[in-house]
Amino acid sequence: MTKKVQPNVPLVSHIFTADPSAHVYEGKIYIYPSHDLDHNGPTNDNGDQYAMEDYHVLSIDNFDSPVVDHGEVLHVKDIPWAKQQLWAPDAAFKNNTYYLYFPARDKDDIFRIGVATSSSPAGPFTPQESYIPGSFSIDPAVLVDEDNKAYIYFGGLWGGQLEKWQTGEFLPDAEGPDLNAPALGPRVAELSDDMLTFKETPKEISIVDEEGNPILAGDEERRFFEGPWVHKYNDYYYLSYSTGTTHLIAYAISKNPMGPFVHKGTILTPVSGWTTHHSIVEFEGKWYLFYHDCEISDGVNHKRNVKYTEIQYNEDGTIQTIDPYKK
Ligand code: FUB
């Protein structure tokens, strides 16, 4: 157990953590992060530095409480289909069961998305024998909507391999679209009622500007890169995501969980380190952004720490941009 949490301060420092997916379960905030490995292996655009092997679950009773680390809840050696790289996970609750969705490379080095289940939000989680049929790429995020339908959003460029799936099959040498062509969007699929398979072939989400024109691949301040997250506010679906190379968390809104989504602005300006990855959650009437930077390692990209800060909406539903280092 660590001392009381504070905004914009690493939640824990006894392990490296990243990609926090926060949810309120049983009246507490549960955080499902990646668990960064302390190693000196290769670093490249393929993401080999992110060599994670297991997941821990963190929780806080509220924002005046210490953080509880519930320990290792799933290890790659216990996932029959997975070879390596347990990247950004998310959790969902339905059917009286907690589901952990996670990406990993399969035995052919292709990223797939798996599911593991538990009767407790703190795990441990038991993985399914195989990955979700038809799944690919990284960064799953699941929204269980008010009508109890569940949607899984996923995708990531570069190491996340999304470029390689443009035809619907894995083409190892495929490149991203021309810079003047529409950017690749994250994928979405409704989940089956048992939450273990896709109900349909995943669709590509279109992100457009205020005039309805698709955001282009060369528009790196606004185009999707990785880390999709969807939350609901005032009957709108908010899709937020990392812009990767420009290090922003951007967002777009829609009345439909499958889009198209209209780009609205920036939620978070760049943090220390190359990546950030976030989630947004409501707790006791306020809204919070969980994200990561590299403060505890002084900027080493694969030794990250999760943090949180409050977000504010304007009256028109837009979100105020946060500078994570502004005092
Ligand atoms: O943590 C590994 C990868 O880095 C995640 O899957 C991406 O979103 C980025 O944060």
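Predicted model: local features only at pLDDT ≥ 70, side-chain atom pairs only at ≥ 80, totals over all residues.

Reader: What volume does the largest cavity have?

Author: About 40 Å³. A search of the whole structure turns up one cavity of 30 Å³ or more.

Reader: OK, what about the largest pocket? What's its volume, then?

Author: The largest pocket comes to about 500 Å³. Its lining has 20 residues, and His23, Leu143, Val144, Val230 and Val281 lie nearest the centre.

Reader: How does that lining split by class?

Author: There are 14 nonpolar, two polar and four charged residues in the lining of the largest pocket.

Reader: Which strands supply at least two residues each there?

Author: β1 (16–25), β6 (90–94), β10 (141–144), β15 and β19 (279–283).

Reader: β15 again! Where does it sit in its sheet?

Author: The sheet is an open one of five strands, in the order β14-β18-β17-β16-β15, with mixed pairing. β15 (226–233) and β14 (207–208) are at the edges with a single partner strand each, so one side of each has no neighbour in the sheet.

Reader: How many bridges join β15 to β16?

Author: Six, and the two strands run antiparallel. For example, Tyr233 has Tyr236 in β16 as its bridge partner.

Methods
Residues numbered from 1 in each chain as written. Heavy atoms only, no water. Pairing = 2+ DSSP bridges. Helix = DSSP H or I, 4+ residues; strand = E, 2+ residues; numbered from the N terminus. 1 Å grid on protein atoms, 1.4 Å probe; cavity = no way out; pocket = protein on both sides within 12 Å on 5 of 7 lines; lining within 4 Å. Points joined across faces, edges and corners; volume = space filled by probe spheres on them. Nonpolar A, V, L, I, M, F, W, Y, C, P; charged D, E, K, R; others polar.
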